[in-house]
Amino acid sequence: MNQTIGQRLNVRVANFSNMDLPGEHLLKFDSEEISTIVDKLRKYTDLPYVFVAEKEKAGTITELLSALKAIRSACYPYALFSIDGGELDVGDPDLDIVKIHGADPKTVRERIDAYALSKFNYDGNKLRLANSDPLPTKIDVAIIGAGITGLYAANRLLEAGISFCILEKSGAVGGIWSQYANRTSRVNSSECAYRLLEKKTRSNRDHSGTWEILEDVAQLAQNVSRRLFLETEVAGIEATGNRYQIQLKRGDNAVALECKGVILAINDRVGTPREVKWQNQSAFQGKIVTGISNHTEGIDWRNKNVVIIGMGAFAVENTRTALEGGARHVTVVCRRHGTICPKIIDYLNFITPYDEAFKHDKKSNLLNMMYWKKMYELSGATQPECWMGKIKHAGHTISVSDIWFVGHYLKKIETISGEISGMTENGVIVDGRHPIQADIVVNSIGFERNASVARELSGCREIYNNNYIAKDFMYLADAFIDDDAFNSLFGSSVLEMVKFYIEVFIMFFDNPAYDDMIATEGIEKIPIEGRKWSNYIKSAMALIGKYPNIREIARKQVTRRTKNFLEAHDMETYIAANKREWRDTHSMLAGKPMREEECMPYVFEKLLKR
C-alpha cells in the first residue's frame with residue numbers, strides 16, 4: 001500500500017533475542033525483571049509493538065504477555081517473531097506467531113517491516129459488508145447511518161434485546177472515519193474517552209490511529225451484519241399514529257419500512273468538504289492537496305516548505321504529518337487562531353475527579369489552565385484571540401497536539417492570521433501583501449454544516465435539547481461546539497455523549513413514561529439546525545437531577561471511563577511516557593539527538609506532587 005514518503009516506520013520492536021536488529025524504534029531486553037520490562041515498555045506507547053524472541057526466552061515472554069494482558073496494555077504485541085524454535089502456547093487470537101528459522105538480522109527486520117506494512121494499513125474492503133437478506137418491513141428501531149454513532153447504538157440495542165436495522169446510503173460503514181480520515185489521522189481525544197470496544201487483551205493506543213478505529217468499526221459492524229443494509233438511502237420519515245414510516249430507495253426500488261422508533265445517526269457538523277480556488281492558482285508550480293481522504297499519500301515532504309490553510313483539527317493533523325515526514329518548515333494561515341492543547345491537558349480533563357454535579361472543581365481547572373498557558377509562553381505559539389475570556393472560539397473544536405508546541409519552540413511552525421488572496425509561481429499571497437514561499441499547499445478549510453439533513457428527513461424544524469425529535473425518535477449526532485463542551489461529564493468526546501443518550505433512549509423506548517420525561521424542567525425545544533453542545537449538556541443534567549436511574553447511568557459511565565484511564569495510564573506512567581515522547585519529538589524535528597536541557601522545558605512533572 002502507499003505510504004507517505006519520509007514517514008517513520010509505524011512499528012516498535014521489543015527485541016528479546018541475541019540478534020542486533022537494524023532499523024529504528026528498537027528496545028533491547030536481556031535479563032530484566034518482568035516489572036522492569038513492563039515499566040520500560042509503557043514509556044513507549046506511541047507505536048504498536050511486535051516482539052522478537054529466541055526459545056531461551058519463552059518463559060519470560062509468556063510471563064510478560066500475562067502481565068501486559070492483565071492491564072490490557074497497548075504495549076501487548078500484535079505479533080511474536082519466534083526465532084529458531086521459540087515455541088509459545090498462549091492460545092491468543094490477538095497475537096500472531098511468526099516462526100523464523102536460521103535467518104540473519106537483516107532478514108528478520110525485513111519480515112517485521114513487511115508484517116507492519118500489511119497489518120497497520122487498513123484494508124477498506126472490510127468495511128463493505130454484503131448482506132443478501134431482504135429488508136424488513138417492520139422493526140422496532142430504524143438506525144439511519146452506519147458511522148461510529150449508528151454502529152455503537154446498534155450494538156447496544158442488540159444487547160438490550162430491541163430489534164433494529166441499520167440503513168446506510170453509502171457502500172461502506174465507518175462514516176467520517178472511512179470517508180474523510182487519512183491513514184495518518186489520530187483521534188482528537190484521549191483513548192479511554194473514545195473507546196468503542198472493551199477489549200480483553202489490548203486497548204488501543206492513546207489518541208488511536210485510523211487503522212485501530214476502523215478495525216473496531218469493522219468489529220461493531222460484523223456483530224450486526226445481518227441487520228445492516230448498505231447502499232440504502234432514506235428519502236423521508238413520516239409519523240403515522242404511534243409509529244413511523246420510512247421511505248427508502250435501494251437500487252431501483254422504492255420500499256417502505258414501519259418502525260416504532262428511529263435513531264438518526266448522521267453527522268451534524270461535517271458535511272461536504274468546503275471548496276476554494278485562489279486567484280492565479282494555475283501559476284503555482286508546487287503541489288496543492290486537500291488534507292483529507294488520503295490525498296497527501298505519496299507526497300514527499302522532505303525538506304519542503306509547506307503552507308497549510310486553516311486551523312481546525314485536520315489542519316493541525318496535517319501539520320504533524322508534514323513535520324513527521326521531514327518538512328523543513330510549516331506555515332499555517334488562518335483567519336483566527338484555534339485552540340491547541342498538549343496531550344496531557346486532555347488526559348487531565350478526564351482523570352480529574354467530578355463533583356456531584358459532574359463538574360471539575362475550579363481550582364483544578366485553573367491549575368490546568370496555568371500549565372496550558374505556560375506551554376504557549378514557552379513555545380512561542382500564538383494564543384487564541386479569545387483567551388483568556390473563553391477557552392476557544394465559538395464553533396471551533398480544541399485540537400490536541402504536542403508537536404504543535406515543540407514545532408513552534410524549534411521554529412519549525414509559524415502561524416499567520418489572514419486569508420489567501422492569490423498565488424504565485426513559488427507560493428501564496430496573504431491579504432494582498434504578504435508572500436509566503438511554498439512547495440506544497442494543503443487546503444484544510446473544513447466542511448459545510450450537515451445540520452439541514454435532519455430537518456429535511458424528519459420534516460421537523462425543532463428538536464428537544466435532549467436530542468429527541470419526537471417520542472422514540474432521537475437525533476444522535478455531534479453538534480455546534482460552544483463554550484461548555486469541555487467541562488462536562490462528556491469531556492471532549494462526542495462518543496461519550498452518544499454512550500449516555502443511547503442509554504436514555506433504551507430506558508424510555510416504547511415507554512409511556514416518555515411524556516413525563518420530556519416535560520422535565522430544563523428540557524426545551526430548540527431549532528433543529530441550531531443544536532449546540534451546551535443544549536444536550538443542560539438536558540443531561542436535568543435528567544440526572546430528576547431520575548436516580550439516569551444519575552446512576554452517568555456515574556457508572558464516568559467511573560468506568562476513569563478506571564480505564566488509570567488502568568492504561570496512571571499519572572506517573574502517563575507523564576513518563578509523555579516526557580519520553582516529548583524529548584523524542586524534539587530530536588525528530590531537529591534531525592539530531594537532543595539533550596533534555598536543549599528541549600522545551602517539560603513542566604508537567606510537577607503534577608506528580610499534586
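Visitor: Over which residues does pLDDT stay under 50?
Guide: This is a predicted model, and pLDDT stays under 50 over residues 1-8. The model has 31 contacts beyond four places in sequence for residues 1-8. Where pLDDT is low, predicted coordinates should not be read in detail.

Visitor: And what is the mean pLDDT of the protein?
Guide: The mean is 93, and 97% of the residues reach 70 or more.

Visitor: How many helices and strands are there?
Guide: The protein has 16 helices and 25 strands. Its radius of gyration is 25 Å, close to the 25 Å that the globule rule gives for 610 residues, so the protein is as compact as a globular protein of that length.

Visitor: What does the C-alpha trace span along its principal axes?
Guide: About 75 × 65 × 55 Å.

Visitor: What share of the residues counts as buried?
Guide: Of the 610 residues, 57% count as buried. The accessible surface of the protein comes to about 25,900 Å², and carbon and sulfur atoms make up 48% of that surface.

Visitor: What about contacts between residues 24 or more positions apart?
Guide: Such pairs account for 74% of the contacts with a separation of 6 or more.

Visitor: Changing topic: how many positive and negative side chains are there?
Guide: There are 78 positive and 79 negative side chains, and the centres of the two sets lie 2 Å apart.

Visitor: Let's zoom in on helix H8. How many of its residues are buried?
Guide: 9 of the 9 residues of H8, which covers residues 343-351, are buried, so this helix is largely enclosed by the rest of the structure. Among them are Lys343, Asp346, Tyr347 and Phe350.

Visitor: What is found in the loop between H8 and H9?
Guide: Phe358 is found in that loop. Phe358 has a positive phi of about 60° although it is not a glycine. Phe358 is buried, with a relative accessible area of 7%.

Visitor: And what is the phi of Asp510?
Guide: Asp510 has a positive phi of about 50°, and it is not a glycine either. Asp510 lies in the loop between helix H12 (494-508) and helix H13 (514-518).

Visitor: How accessible is Asp510?
Guide: Asp510 counts as partly exposed, at 45% relative accessibility.

Visitor: I clicked on Arg274. Where does it lie?
Guide: Arg274 is in the loop between strand E11 (253-264) and strand E12 (287-290). At 34% relative accessibility, Arg274 counts as partly exposed.

Visitor: How far apart are Arg274 and Ser444?
Guide: In sequence they are 170 residues apart; in space they are 8.7 Å apart, C-alpha to C-alpha. Leaving out residues up to four places away in sequence, Arg274 touches Asn443, Ile445, Gly446, Phe447 and Glu448.

Visitor: How far apart are Ser73 and Gln245?
Guide: Ser73 and Gln245 are 172 residues apart in sequence and 46 Å apart in space, C-alpha to C-alpha.

Visitor: Is Ser73 buried or exposed?
Guide: Ser73 is buried, with a relative accessible area of 7%. Ser73 is in the loop between helix H2 (58-70) and strand E4 (79-83). Apart from neighbours within four places in sequence, Ser73 is in contact with Arg42, Leu68, Thr201, Arg202 and Ser203.

Definitions and conventions
Residues are numbered from 1 along each chain as its sequence is written. This is a predicted model: local features need pLDDT of at least 70, side-chain atom pairs count only at pLDDT 80 or more; totals for chains, interfaces and linings use all residues. Side-chain values use heavy atoms; hydrogens and water are left out. Helices (H or I, at least four residues) and strands (E, at least two) are DSSP runs, numbered from the N terminus. The radius of gyration is taken over C-alpha atoms; the globule rule is 2.2 Å times the number of residues to the power 0.38. Buried means under 20% relative accessible area, exposed over 50%, partly exposed in between (1.4 Å probe, protein chains only). Contact means heavy atoms within 4.5 Å. Accessible areas come from the Shrake-Rupley method with a 1.4 Å probe; for residues, only the protein chains shown count as cover. Lys and Arg count as positive and Asp and Glu as negative; His and the chain ends are not counted. The place of a charge is taken as NZ of Lys, CZ of Arg, CG of Asp or CD of Glu. pLDDT is the predictor's confidence in each residue, from 0 to 100.
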